[in-house]
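Here's a quick look at one chain, from its overall make-up down to a single side chain. Have the viewer open as you read.

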Amino acid sequence: MHSPHLRRLRRLFDGWSVPHFLFGVVAATAAIAFSWSLVTTFVAMLVIAIAWEYFERRVEIREAFGNPWMDIVLPVLAFGCTLLLVDQAPLHQEEHIGLFVSATGLFLFVNAAAWKARFEKDRDFLG
């Protein structure tokens, strides 16, 4: 039997938490790889994350209480963690681009798997 705290925590995270987190990784690796302004990239990522949650609400995708906020927090955390880990690493430009390509590929793969699960009515992806 799960504790009430564990059940509440489980509601904050769902099958879509990984793609949301990876979105922040992609944004940060893009900023690093292409020398984009970190502030501008961060703001753009945040605006997109908020707009996505607004879109989900408009098309009536049901989510557990608190999950939409977590879906915005996760890319923010991922962006910060990626900056701390990748931007400080002594890598060449080509290696930063390789990380961006890898992160983007993983993001697209995980999103495709998540959408497939949603269309196949997997409970964890239905909201």
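## Ground rules

A helix here is a DSSP run of H or I at least four residues long, and helices are numbered from the N terminus. Keep in mind that this is a predicted model.

## The chain overall

The chain has 5 helices and 0 strands, so reading from the N terminus you get α-α-α-α-α. Of its 127 residues, 34% count as buried. Take the contacts between residues at least 6 apart in sequence: 78% of them join residues at least 24 apart.

## H2 against H5

Helix H2 covers residues 17-33 and helix H5 covers residues 93-119; they pack at an angle of about 160 degrees, their axes 9 Å apart. That angle makes H2 roughly antiparallel to H5, since anything over 145 degrees counts that way. The crossing of the two is left-handed.

On the H2 side, the residues that meet H5 include Val18, Leu22, Phe23, Val26 and Ile32. Their partners in H5 include Ile97, Phe100, Phe107, Val110 and Asn111. Sorted by type, the residues of this contact come out as 17 nonpolar, 5 polar and no charged.

## A look at His20

His20 also sits in helix H2. Is His20 buried or exposed? Its relative accessibility is 10%, so His20 counts as buried, the cut-off being under 20%.

Setting aside neighbours within four places in sequence, His20 is in contact with Trp52, Glu53, Glu56, Asp71, Leu74 and Pro75.

Definitions and conventions
Residues numbered from 1 in each chain as written. Predicted model: local features only at pLDDT ≥ 70, side-chain atom pairs only at ≥ 80, totals over all residues. Heavy atoms only, no water. Axes fitted to C-alpha atoms, helices over the stretch in contact; angles between N-to-C directions. Parallel < 35°, antiparallel > 145°, perpendicular 65-115°, else oblique. Left-handed = near helix turned anticlockwise from the far one by under 90°. Contact = heavy atoms within 4.5 Å. Nonpolar A, V, L, I, M, F, W, Y, C, P; charged D, E, K, R; others polar. Buried < 20%, exposed > 50% of the residue type's maximum accessible area, 1.4 Å probe, protein only.
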